[in-house]
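Reader: I would like to learn how to read a model of this kind, feature by feature. Could you take me through the general idea each time, and then through the case at hand?

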Amino acid sequence: MKRVVIAGEINVDLIFSGVPELPQFGHETLAQSYLQCPGSSSMILAMGLARLGSPVRFIGRCGDDPFGRFCIAALRDRDVDTSLICADAALRTGVTVAMSAHADRALLTWSGAIAELSADDVSDAAFAHADHLHVSSYYLQTKLRPQLGELFVRARAAGLSTSLDPGSDPERRWGRELIEVLRHVDVFLPNQSEACAIAGVDTPEEALRALDNGTTRIVVKAGSRGAMTLEDGQLLFAPASAVQAVDTTGAGDSFNSGFLHAWLQDLAPLDCLRWGNACGALSTRGIGGTATQGTREEVLALLGAK
Ligand SMILES: Nc1ncnc2c1ncn2[C@@H]1O[C@H](COP(=O)(O)OP(=O)(O)OP(=O)(O)O)[C@@H](O)[C@H]1O
Ligand SMILES: [Mg+2]
């Protein structure tokens with residue numbers, strides 16, 4: 001089984017469900033339930049990969065505080081190697097408050113230590129025991145961002161393949177820099193609004209064509225519709241797996257875990273999309289990003305049921 005190293009962000013999700021209305025200044029609103037969950041894109045991916053049986057090592061920075069310790073413990077509980085996570089007393093672990101009502105949810109994030117990881121934290125020694133390097137949240141990891149092309153070049157020189165999930169740009173600037181970085185990326189995993197914004201086009205298919213550089217496998221996630229990629233210039237589309245979705249938090253990151261787990265075993269592109277869809281769907285069965293992530297057996301059962 002190929003070994004994955006993730007250079008990633010760490011934060012906690014505090015999820016309030018059954019919120020009757022958005023809280024207003026000067027008022028108190030009562031939620032029906034509350035859950036504290038591992039939150040960041042990279043942690044959800046790491047835990048999803050580990051659930052499938054891929055060996056995963058996490059490189060990151062968090063505060064030496066209760067939220068940081070909660071995150072490290074959650075990763076360890078899934079057998080993710082946390083020996084390269086630095087819990088720094090000078091930092092504080094970030095947090096997202098998610099308020100989820102019947103139809104929609106509102107998120108409030110304080111990003112804490114997320115921006116603190118730099119390429120210097122990713123030593124060549126970390127590559128010695130890995131086959132693949134993944135990075136998520138390009139726009140939030142602001143220290144790592146300008147160094148990312150160089151980091152991927154270093155990883156490839158050490159024999160690793162590479163993948164990137166851009167996540168959303170909170171500043172809505174998007175920019176052209178990421179397109180340059182893609183030259184060093186084997187698998188690029190945006191959702192459809194990210195793909196369209198980065199490519200400056202209106203539809204996911206146009207984005208796939210606009211971002212195609214002849215080497216990067218570009219995969220666009222389309223929520224409850226499924227996911228797509230280009231193969232020999234033709235659109236390959238795999239519809240979402242049917243599940244009773246309860247909470248889609250982190251579905252894109254669980255999709256990444258399924259797609260990469262399959263891709264690292266050299267499965268065909270359509271099968272990789274199916275593994276991604278199955279893992280995305282399975283993760284929506286419960287509240288939070290990681291509680292109901294699928295095992296290999298659950299994925300095979302869901303795919304066999306098609
Ligand atoms: N309601 C759903 N039912 C089944 N599968 C779903 C549903 N919502 C999402 N998925 C699966 O999860 C994948 C990723 O979803 P989405 O496009 O929302 O990613 P994202 O916006 O990056 O999510 P994230 O919030 O994790 O960043 C989809 O491609 C699909 O396979
Ligand atoms: Mg996403």
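Reader: Among contacts between residues at least 6 apart in sequence, what share joins residues at least 24 apart?

Author: In this predicted model, 70% of the contacts between residues at least 6 apart in sequence join residues that are at least 24 apart.

Reader: Where does Arg-183 lie, and is it buried, partly exposed or exposed?

Author: Arg-183 belongs to the loop between α5 (177-181) and β10 (187-188). A residue is called buried if 20 or more other C-beta atoms lie within 10 Å of its own, and exposed if 12 or fewer do; because Arg-183 has 13 such neighbours, it counts as partly exposed.

Reader: How should I judge the chain as a whole, and why is it called as compact as a globular protein of its length?

Author: The chain holds 10 helices and 13 strands. Its radius of gyration is 18 Å, close to the 19 Å that the globule rule gives for 306 residues, and therefore it is as compact as a globular protein of that length. Along the principal axes, the C-alpha atoms fill a box of roughly 55 × 45 × 40 Å, and 48% of the 306 residues count as buried.

Reader: How do I read the sides of a helix, and which residues of α4 are buried?

Author: The general idea is that an α-helix has 3.6 residues a turn, so residues three or four places apart point the same way. In helix α4 (residues 148-157), the buried residues are Leu-148, Leu-151, Phe-152 and Ala-155. Because these residues cover an arc of only 95° around the axis, they lie on the same side of α4, whereas Glu-150 and Ala-157 are exposed on the other side. The cover over the buried residues of α4 includes α3 (124-127), β8 (132-136), β9 (161-165) and α5. Just after α4, Gly-159 adopts a positive phi of about 95°.

Reader: Finally, which residues come nearest to ligand 1, and which element gives the largest share of the shell?

Author: There are 21 residues around ligand 1, and those that come nearest are Asn-191, Lys-221, Ala-251, Gly-252 and Gly-280. Two or more residues of the shell are given by each of β12 (226-231), α8 (251-263) and α9 (269-283), with the largest share, four residues, coming from α8.

Definitions and conventions: Residues numbered from 1 in each chain as written. Chains lettered and ligands numbered in written order. Predicted model: local features only at pLDDT ≥ 70, side-chain atom pairs only at ≥ 80, totals over all residues. Near = placed C-beta within 6 Å. Rg over C-alpha atoms; globule rule 2.2 N^0.38 Å. Contact = placed C-beta atoms within 7 Å. Arc of directions from axis to C-beta.
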